[in-house]
Amino acid sequence: MRCRNIGAASDLLALLANPNRLGIVCLLLEGERSVMALEVALDIPQPTLSQQIGILREAGIIAGRRIARRVFYRVVDDHARWIVETLRGLFDDLLPASVILASADPSQSREALAAASRLAEWEAM
């Protein structure tokens with residue numbers, strides 16, 4: 001029997017094979033996030049992040065909602081959700097960001113705390 005959805009499956013895997021896009025989806029599986037929150041948490045330069053968000057949005061993997069000047073994104077594709085959750089089961093270090101932050105190197109904690117503080121201030125505006 002021939003697999004009818006092989007093209008769609010291959011396309012989805014190619015989308016998630018990019019480390020930036022995989023990181024975005026991993027983080028968004030924990031909940032809706034603003035662009036600024038994604039930028040700080042993933043340490044992806046804003047132009048690159050915008051490009052990768054656009055690719056994921058166009059593919060129907062994520063969707064955004066605008067609140068004032070900010071856009072918040074979430075995962076809307078169940079296939080992508082299932083694949084990334086499966087990857088988390090296969091790779092111990094593909095953990096939710098909350099677990100990664102909890103086990104962060106103390107020398108990086110100050111930087112993470114400063115970034116989180118700036119993010120909180122920015123989102124309060």
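Asp43 lies in the loop between α3 (35-42) and α4 (46-58), where helices (H or I, at least four residues) and strands (E, at least two) are DSSP runs numbered from the N terminus. This is a predicted model, in which local features need pLDDT of at least 70 and side-chain atom pairs count only at pLDDT 80 or more, while totals for chains, interfaces and linings use all residues. Residues are numbered from 1 along each chain as its sequence is written, and side-chain values use heavy atoms, with hydrogens and water left out.

Most residues other than glycine have a negative phi. Asp43, although not a glycine, has a positive phi of about 55 degrees, and it counts as exposed because its relative accessibility is 67% (buried means under 20% relative accessible area, exposed over 50%, and partly exposed in between, with a 1.4 Å probe and protein chains only). Ala68, found in the loop between β2 (62-67) and β3 (70-75), also has a positive phi of about 55 degrees without being a glycine, and at 69% relative accessibility Ala68 counts as exposed.

Leaving aside residues up to four places away in sequence, Ile62 touches Leu28, Ile53, Leu56, Arg57, Tyr73, Arg74, Val75 and Val76, contact meaning heavy atoms within 4.5 Å.

Within α4, the buried residues are Leu49, Gln52, Ile53, Gly54 and Leu56, and what covers them includes α2, α3, β2 and β3. After α4 comes Gly60, whose phi is positive, near 80 degrees.

How do α3 and α4 pack, and at what angle? They pack at an angle of about 115 degrees with their axes 10 Å apart, the axes being lines fitted to C-alpha atoms, for helices over the stretch in contact, and the angles running from 0 to 180 degrees between N-to-C directions. In this pair, Val35, Leu38 and Glu39 in α3 meet Gln46, Leu49 and Ile53 in α4.
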